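Take a look at the fold below.

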Amino acid sequence: MMSPKKLVKKLAATRSRSVAEKGHFVAYTTDCERFVLPLTFLCNPILQALLAVSEEEYGLPGNGPIMLPCDGASMEYLISLTQRSLSEDLRKALLVSITTDGCLKSSLVQQQLIQHTSVFSC
């Protein structure tokens, strides 16, 4: 895994100069994938837990990007889960996974979440 300082330097050198639209913020994952998220996501307990882990791992960004402690695929999965109506037990399990593993690193947890959320699929 790349050190946070090297990752921030790499992002600064490679990212575009575009700014997020009004009402959105930008965050980067460990694999340098850029996500533009609505500010309303900041009220979501799942994203709040992810940002807390990010603060513990990388510190608060002073003049750099927000770094999330997961890869792009995991972040896309988390976004899709936040847009669903999750049961309280499933939400708690997801929060525990984020706070203990940093993100959805465990394929077993991902499989359990997929099985439980398939009931909610359209």
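Buried means under 20% relative accessible area, exposed over 50%, and partly exposed in between (1.4 Å probe, protein chains only). Cys-43 is exposed, at 63% relative accessible area. Cys-32 is partly exposed, because its relative accessibility is 23%. The whole structure has zero disulfides (a disulfide being a pair of cysteine sulfur atoms within 2.5 Å).

This is a predicted model: local features need pLDDT of at least 70, side-chain atom pairs count only at pLDDT 80 or more, and totals for chains, interfaces and linings use all residues. Residues are numbered from 1 along each chain as its sequence is written, and side-chain values use heavy atoms, leaving out hydrogens and water.

Now the sheet. Helices (H or I, at least four residues) and strands (E, at least two) are DSSP runs, numbered from the N terminus. Strands pair if DSSP finds at least two bridges between them. Three strands make an open, mixed sheet, ordered β2-β1-β3. β2 (34–38) and β3 (66–67) are the edges; each has a single partner strand, so one side of each lacks a neighbour in the sheet. β1 (residues 24–28) pairs antiparallel with β2 over five bridges. Phe-25 faces Leu-37 in β2.

Next, the interior. A nonpolar core is a set of buried Ala, Val, Leu, Ile, Met, Phe, Trp, Tyr and Cys residues joined through side-chain atoms within 4.5 Å. The largest has 20 residues; Leu-37, Leu-50, Met-75 and Ile-98 touch the most other members. β1, β2, α2 (45–58), α3 (72–82) and α4 (88–101) each supply at least two residues of this core.
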